[in-house]
2 protein chains.
Amino acid sequence: MTRSSPASMAEIAAAIGVPARAAILTALFGGGTMMAKELAAEAGVAAPTASLHLARLVDAGLLAVDRRGRIARFRLASPAVAQLLEAMLAVATERAPPSWRGDPALRLARTCYDHLAGQLGVALTETLQASGNLVLGADGGEVTASGAAFLAGFGIDSNQVASGRRRFCRACMDWSERRPHLAGGLGAALAERCFARGWLTRRPDGRAVTVTPVGAEGFAATFGVSVAALRAA
Amino acid sequence: MTRSSPASMAEIAAAIGVPARAAILTALFGGGTMMAKELAAEAGVAAPTASLHLARLVDAGLLAVDRRGRIARFRLASPAVAQLLEAMLAVATERAPPSWRGDPALRLARTCYDHLAGQLGVALTETLQASGNLVLGADGGEVTASGAAFLAGFGIDSNQVASGRRRFCRACMDWSERRPHLAGGLGAALAERCFARGWLTRRPDGRAVTVTPVGAEGFAATFGVSVAALRAA
DNA sequence: CGATCGGTTCGCTCGCAACGGAAGCGATCG
DNA sequence: CGATCGCTTCCGTTGCGAGCGAACCGATCG
């Protein structure tokens, strides 16, 4: 029966369709994991209420939970969920008042689940393509021979990333820039390296990330991306 | 304020998160337009109830309405909404019981907003790429010189499609096949030609489409796609 | 110009679920 | 072993909204 689709769609949407739960998902959209108590604060509700919300989100298949002793850490259940949230933001911005595209800091650089988004994410992706290091196809994408060498120099072993269970390379539409950025295992690896090198730091209060001074230098030297120019644009 | 995102996300999700409204959206996901009365029947509710639901969906920016005299025709507000629904279906199938990927007819061929999806949509897309007629990139895609000639023979003027306001060519992830299919203006044009030639016919009861005998012949002769083989797979 | 038809507004009922307070439970630590 | 902490379960309250029937409104048609 075709009729099963609307039912499960409504179930999923209803699980999101409450300010408290939407706030929880938004907080986790940055890609991290959080304890129930933190999420309760994030959603602005009491602990018992948050507990119910979290149970429902897990039940709906939107969150995964990692219970260790008395503490429970929550995260998005899958990349597909992150894509869903991304799509909702796209619709939200589309219908938003004339020209309000979100917090400038959020537009500049943010995490999208586990990879980079915003102007920085898009710029890095386009630079990699323009330099012939990366070819993004609709069915994924490939790293060229020169690209593998380039990434190796950056600390990423393309073969190892590609051997993972996860989709190697994927284009993810950026809701604020309306252009695609790099996602998938490779996108995650790239983001991870940027954090590990201290080029980027996560902010405790959202998914926007801060580009450090050394990061600004690094992005310019390694990728030819000027963060200052992005900020001015 | 970052805080505006969760609020609008919840608003949008809440607009979908009721069986009746999800059914309405699903019915329109096929890409057509429908009258309020038809949608009421589709959702299984009385006319007044449907009227409220429709008003709310329009208000949430998910539906657009075309009022002409006493009749009101509804359609999805934008391609972004179609992408959102696609993403919800992706999450729904992910969490679905072991291996239930929807109605076989729906998997074989269906419309996704205004282009083709399902095994047929994916197969056509992959054939076009393999034959060097189409190069799908992350930031859209291009029709090669030979591709333009090929499409012209099929009745599609690539230049005219490309000159439209709409994104020419885009990859849309197929929720049942988990592989991308062709979307955007070109995808819509391709689907339109298939219907115009009588290769495909819409079913009144859903978004699944029927491949006619002449269509099966045409897909094999023109694209080298065997519908019978797809059906068997 | 009266009948019909599509759609909306009104008034009402009913049920679900969001929420906080208090208590319970298991894990951890001093 | 007792105190604390993180989380959950169990209450009761409260309010929102989904639903229908009936009446209403405007467009269209005979």
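Let me begin with one contact: in this predicted model, an N or O atom in the side chain of Arg67(A) is 3.1 Å from a phosphate oxygen of DNA strand D. I call such a pair a polar contact, meaning two N or O atoms within 3.5 Å; within protein, one must be able to donate a hydrogen and the other to accept it, and residues adjacent in sequence count only if both atoms are side-chain atoms.

A few conventions are needed. Residues are numbered from 1 along each chain as its sequence is written, while chains are lettered from A and ligands numbered from 1 in the order in which they are written. Because the model is predicted, local features need pLDDT of at least 70 and side-chain atom pairs count only at pLDDT 80 or more, whereas totals for chains, interfaces and linings use all residues, and side-chain values use heavy atoms, with hydrogens and water left out.

I stay with DNA strand D. From chain B, a polar side-chain atom of His53(B) lies 2.5 Å from a phosphate oxygen of DNA strand D. Which elements give two or more residues to this surface? They are helix H3 (36-43) and helix H4 (47-59) of chain A, together with helix H2 (19-29) and helix H4 (47-59) of chain B. Helices here are DSSP runs of H or I with at least four residues, strands are E runs of at least two, and both are numbered from the N terminus. H4(B) gives the most, with four residues.

There are 20 residues around DNA strand D, and the nearest are Ser51(A), Arg70(A), Arg21(B), Ala46(B) and His53(B); a residue is near a strand if one of its heavy atoms lies within 4 Å of it. Sugar and phosphate account for 73% of the atoms of DNA strand D that come within 4 Å of the protein. By class, the surface has 10 nonpolar, four polar and six charged residues. Ala, Val, Leu, Ile, Met, Phe, Trp, Tyr, Cys and Pro count as nonpolar, Asp, Glu, Lys and Arg as charged, and the others, Gly among them, as polar.

I turn to DNA strand C. Phosphate oxygens of DNA strand C lie 3.0 Å from a side-chain N or O atom of Arg21(A), 3.3 Å from a backbone N or O atom of Ala36(B) and 3.3 Å from a polar side-chain atom of Arg67(B). Helix H2 (19-29) and H4 of chain A, with helix H3 (36-43) and H4 of chain B, each give two or more residues to the surface near DNA strand C. H4(A) gives the most, with four residues.

Finally, chain A itself is divided into domain 1 (4-77) and domain 2 (99-232), with bounds from an automatic or database domain assignment. Their centres, taken over C-alpha atoms, are separated by 27 Å. How much area is buried between them? About 560 Å², of which carbon and sulfur atoms give 56%; buried area is the accessible area (1.4 Å probe) that two parts lose on being put together, summed over both. In domain 1 of chain A, Phe29(A), Gly30(A) and Leu76(A) lose the most area to domain 2, together 68% of what that side buries.
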